[in-house]
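Colleague: Before I use this model, I'd like to go through the labels on it and hear what backs each one up. Can you show it to me?

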Amino acid sequence: MQLAFDSPWYLLLLLGLPLCWWASFRTLAAFGRMRRATAVGLRTAVYLLIVLALAETQWVRTSDRLTVMYLLDQSLSVSQEQTDAMVDYINRAIATQRNAARADRAGVIVFGREAAIEIPPVDDDQSMPRVETTVDRDHTNLAGAMKLARASFPHDAARRVVVISDGNQNAGDALQHARGLAEAGVGVDVVPIRSRVVGEVAVEKVMIPSDVRRGQPFDLRVVLENTAGEGQQPRPVDGRLTILRKASGHEQVLTEQDVTLEPGKRVFSIREEIDQPEFYTYEARFVPADPSADTLPQNNMATAFTHVRGSGQVLLLEDHENRGEFDLLAKALRDMNLEVTQRSTRPDELFSDLAQLQPFDTVLLANVPREHFDDDQVEMLVRNTRNMGAGLVMLGGPNSFGAGGWTNTPIEEAMPVEFQIKNAKVAPVGALAMVMHASELPDGNHWQKVVAREALKALGDQDYCGVVHWGTTREEWLWRGMLRVGPNRANMLARLDRMTPGDMPDFESSLQMALVDFRRLSNAAVKHMIIISDGDPAPPNYGPGGAIPALVNIGVKITTVAIGTHGPAGSTPLQTIAQRTGGKYYVVTNAKTLPKIYQKEARRVARPLVFERESGFAPQITQQHEMVQGIDSPLPPITGFVLTTPKANPLVEVSVVSPLPTGTDMNPILASWTYGLGKAVAFTTDTGPRWDASWTSWPNYDRLMSQIVRWSMRPTDETGKFSITTDVADGKVKVVVTALDQDDEFLNFLNLDSMVVGPDLKPIDLDVRQIAPGRYVGEFDAAGSGSYLMMISPGAGQAPIRTGVSIPYSAEFRDRSTNLAMLETMAKATPAGGRPGQVLDPPLDLPLEERVEKLLETNTFRHDLAKATSSQAVWPLLLFVCACLFVGDVFVRRVTVSFEWLTPYLRRLVDRLMGRDGRPDVTATMDRLRSQKAAVTGQLEQKRASLRFEPVPEAKGDVASLADEAASTAPLRERPTSTMAAERDAEGYTERLLKAKKKAQGPRRRDEPPGESKPKS
Amino acid sequence: MHRSFIHRRSLLALCVGTPIVAALGGCRESNSIGSLDLVWGRRGISDGRLQKPRAMAIDGDDLLYIVDMTARIQVFTTEGQFVRGWQTPVHTSGRPTGINIDRRGNVLVPDTHYFRVLVYSPTGKLLETLGGTFGNAPGEFGLVTDVLEDSQGNWYVSEYGEYDRIQKFSAERKFVLEWGGHGIAPTQFSRPQAMAIDANDHIWIADACNHRVQVFDTTGKLVKFWGSHGSQPGQLAYPYGLTLDPQGHVYIAEFGNSRVQKFTSDGQSLGCWGGVGRAPGELLNPWALARDSRGRIHVLDTNNHRVQRITM
């Protein structure tokens, strides 16, 4: 233990200590030697403590403990076999090298593009059977892992990281972080992951023009590379080269031939011509005849795509459960010369990336519910409009808008209307209660939060929502029962984030709680409950008085979601609950499907958003617009539509409205606006199948529908010739645009708005600037493999230029040899106060098991690092002690402490020990008592004398009483000579003295009135 | 005669008496049935550590058998020293929620989510298996919670789920009879979580979700029942663990109230111990308790991943 000072200059005040002593000796001269010495000592201590407190004294402790964090590379360049060997190494190193007596800690961090803690630093022989944490393996971000390790180290121990990697980083700067670690005193050991490099064949790239015209011939080139392994002679590799052309939903083999690849690079080219306007992806694959000639099969494929321009295309997405519902609309559009592609929402038909949406100039969502799309697909639809300029039209139906669970989704953001009703008089409300039971599923709590969040998002502002879970001692509402979502949504989401559902013993109590709140919500048109559980809680009471019959009575349906149930014992009760209440029963094996179930169930609560009137009502055109040009108002009657509210935005144009229901400001049937680069249209009735039956025979039906679709479509007019080339190098994509007008003259000073969408559907900034006449250049980082779509807009109202670039495989497959130089440099950095790290690199020719044995010969828990120190401020303690001593100083100076009373006791003790007669000398004692008695008597006399003249309230003005008093007091003065002498014989001295004392004290007793204090005769 | 408002003596009495009255007045704050003797156990999955332990039993040698969420059965001394351990054969569907010791010292493990009872030797050798089929027919089981043996060697197996019942098996493991059913009426159960047997071969059952104790004879005839839901002394909230002493007292671990409560055999509360929390002397959803040969109560403090010992 050591002391340190944060403000050591204050210690100079100690020089004033002699002055303090001098002053103290002078002022304390009147005291005895002992008291003076004590007082000075205490003052010195007080002074000293104040100075130490001012100097911010720290109590510094050093620790022998060591924490070792193993950083394990999980990128694709590390094989599974190597990972398994390294996991084994880590387990054995922790088990054999960790110093348990020193309470050393060990932890493991795994990393790819990002880093995650597999095992936090703990002082236990934790063993990991395998790596459980999933990281993005497309990249190696060693720097991120080091940063995380540094943040994870406890402060009370020396620190070391053991980097287990091939060192082929392609994100971050590991060397810089290694230097930072060294400066912070963290040691770095390195275990290079090495593998023998054999021959390698790779399809480097496929080259085609990014934008071609219909019927224009072009060359497709495939670049292949054949490299020899370490110490091997270059040799040709035989194999089969296949080139495919893929368009939306179909693919065609262009060529499939056996080729011999000579060492080095080789280019194959074919002539290609396209007649159909479409977005095409070309894929080249090379499969070597001898697999041993190739190390990494992942880089044997490359893709590229191009866009062939044509007339407008429409994608009509319909519900796969109601296939054919919009055939009439499709036919009408085709009759109006639009190319319509009908797809259902079945997963195998639905688009999976943004590229598949590119052939279409507008997308119609025809009565499709939210749960048929995953989050990425919803995001793609929105990006397709906002960033790619395509149209987005949502057609009505009971599965559309708010009724389709689209509330609070990005689609609602893109639409010109809000999917909720602000007027509570019109919108019947729904109520949803969720019961959450702790799940033993991995990440169970996480998924419970996800599903609750999704369900909450799908609810409208007027709806009610509540969540019941097991708290610490009982079932609890997560917030105060069933509350209206609108004003509480943010708070509810925050509460959900903090929710940790416990192990609920039974369902009955939760259902009873929900029952009470459902009864309170008499205005709720739909009452629904969802239970998510593994079925462990005891089943509810189905009999009279139980929650289930009571809930059924008030119309509550319960949907149960069995997740991770323990076989039929867990699932049967859940099934029974759903069956008895008319709800649905789901079995979930993959937690990722949970949000969809909840969205679907939350949609049941949103059903009241559909407005239907069998007698029909005629929509009115309120505003002239391109879409309703030439159409007379009113439109033919409809029988229903989905309630929405126009957004309060000047860009929103509501062209057609419904006269019903009354009580709202406006009931939009047709609304539109410009959203980003594209246009979005909300058509809240269903164009025929259910609510607009009279429209099918209406002559203007085709015209209205085609005008709506055409207005929404992406512009296709060509005012200039633009050619785009892209080049991928060092993880960056370079885009070069050459702009010519119709006369092949350079187009200068264009303001090119550009947007790139990465494979993760996230937008990437692309700044395209003019660098020469008609030449514009931009560049962006290509972080991962996949398709990058580019949209460059030459100006307002002009057709955007679309192109793309494909990065076929991860950067992890580019570097095949271990970056030993970088790893060694990291290990060489000398940590502050310690010794440099070690490179644990056994010979490459050893089998993996033996290499692990060799690795274990180096102790990664060796303590050659600076010991950890921790400091604690002690000034509060110093000040406390100082205050106590100060009181002591005052005490010593103000109070005379005498120990004379001890003397008789000590003397008696000594006598007893010496065997002498311990009885006190009677004569001496009697003398002392007599003198004491005389003193007491004197005091009594004084007291009486004083009392005699005290005013006595009762006596005031009362002569008789004064006479009595005189009579009673007079004998007292005279009695000592006669009466007291007689008593002296009868009573002992001690009794008399005690009596006298009592009398003397009598008048002072607080609880007696002044009149009673008079001595009694 | 004048008297001061608070007499010096009454002030003194007030100071001394208030904490005592406070301690006696509410069950939650009181530890009136015993005092904390030892706290041991640490969260973890290595030997000697506990990961949400849910069941505990004690054998004649005062060794504690604890089963936790890793499906390990670990044996400890009453001082918390790890002796040995083993794991159930499979546990992916779920982990055992009960454990008991038979008259020969064998370990009975109700393998809850596999609808069976496993019998182990004290050293962890699997000797016998009863059941294994889900259902409500004789010999079939739902979620098995506990198993115990009477003086004649008969077995009683409790289960919950759709069929909350007790099945009796002869010493030869033949089905003898069953009683119960899911419900709130007397003789019905809602999660019979734990059982104990007294000297008269009366079977005491912690009827957890009905918040009561039911007592039956060996023929399934209801002898008595008592208990109501609540947090006051004398009330129960999810009694998960139950043990008896030779004087006829009943000790109950309450999952809901996070406490141990002592009762007379007629259900009169004699005091409580514990309360919600993580500090020593506090409990977080205890599942089980056991009484050793010296009369000390060991409480399985489940969500604190530890054991607390109380001296009576």
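Modeller: Here are the labels, taken one at a time with the cut-offs behind them.

Modeller: First, the ground rules: this is a predicted model, where local features need pLDDT of at least 70, side-chain atom pairs count only at pLDDT 80 or more, and totals for chains, interfaces and linings use all residues. Residues are numbered from 1 along each chain as its sequence is written, while chains are lettered from A and ligands numbered from 1 in the order in which they are written.

Colleague: What secondary structure does chain A have, and what does chain B have?

Modeller: Chain A comes to 22 helices and 43 strands, and chain B has one helix and 24 strands. Those are DSSP runs numbered from the N terminus (helices are H or I with at least four residues, strands E with at least two).

Colleague: What makes α1(A) and α2(A) roughly antiparallel?

Modeller: Helix α1 (residues 17-27) and helix α2 (residues 33-54) of chain A pack at an angle of about 150 degrees, and their axes are 10 Å apart. Angles under 35 degrees count as roughly parallel, over 145 as roughly antiparallel, 65 to 115 as roughly perpendicular and the rest as oblique, so α1(A) is roughly antiparallel to α2(A). The axes are lines fitted to C-alpha atoms, for helices over the stretch in contact, with angles running from 0 to 180 degrees between N-to-C directions.

Colleague: Which residues of α1(A) and α2(A) meet?

Modeller: From α1(A) you get Leu17(A), Cys20(A), Trp21(A), Ser24(A) and Phe25(A), and they meet Ala39(A), Val40(A), Arg43(A), Thr44(A) and Tyr47(A) of α2(A). "In contact" is a C-beta test (the two atoms, placed from the backbone, lie within 7 Å). By class, the contact of α1(A) with α2(A) has seven nonpolar, two polar and one charged residues. The classes go like this: Ala, Val, Leu, Ile, Met, Phe, Trp, Tyr, Cys and Pro are nonpolar, Asp, Glu, Lys and Arg are charged, and the others, Gly among them, are polar.

Colleague: Why are α5(A) and α16(A) called roughly parallel?

Modeller: Helix α5 (residues 174-183) and helix α16 (residues 820-828) of chain A cross at roughly 15 degrees, and their axes come within 9 Å. That angle makes α5(A) and α16(A) roughly parallel to each other. The contact is made by Ala174(A), Leu175(A) and Ala178(A) of α5(A) with Met822(A), Thr825(A) and Met826(A) of α16(A). Those residues divide into five nonpolar, one polar and no charged.

Colleague: Why does Val552(A) count as partly exposed?

Modeller: Val552(A), in helix α12 (residues 547-553) of chain A, has 15 C-beta neighbours inside 10 Å, so it counts as partly exposed. The rule is that a residue is buried if 20 or more other C-beta atoms lie within 10 Å of its own, exposed if 12 or fewer, and partly exposed in between, with C-beta atoms placed from the backbone. Leaving aside neighbours within four places in sequence, Val552(A) is in contact with Arg580(A) and Thr581(A).

Colleague: And why is Thr264(B) partly exposed?

Modeller: Thr264(B) has 13 C-beta neighbours inside 10 Å, which means it counts as partly exposed. Thr264(B) lies in the loop between β20 (259-263) and β21 (269-274) of chain B. Beyond four places in sequence, Thr264(B) is in contact with His249(B) and Leu270(B).

Colleague: How much of each chain is buried?

Modeller: Buried residues make up 40% of the 1017 residues in chain A and 45% of the 312 residues in chain B. In helix α4 (residues 142-152) of chain A, the buried residues are Leu142(A), Ala143(A), Gly144(A), Ala145(A), Met146(A) and Ala149(A).

Colleague: What makes a set of residues a nonpolar core, and how many residues does the largest have?

Modeller: A nonpolar core is a set of buried Ala, Val, Leu, Ile, Met, Phe, Trp, Tyr and Cys residues joined through C-beta atoms within 7 Å. The largest has 123 residues, and those with the most contacts inside it are Ala455(A), Ile531(A), Val561(A), Met56(B) and Ala288(B). Its largest share, seven residues, comes from strand β21 (residues 429-436) of chain A. A second, separate core of 111 residues includes Val237(A), Phe611(A), Val757(A) and Val805(A).

Colleague: How many residues of chain B are in contact with chain A?

Modeller: 28 residues of chain B are in contact with 19 residues of chain A. The chain B side divides into 12 nonpolar, 14 polar and two charged.
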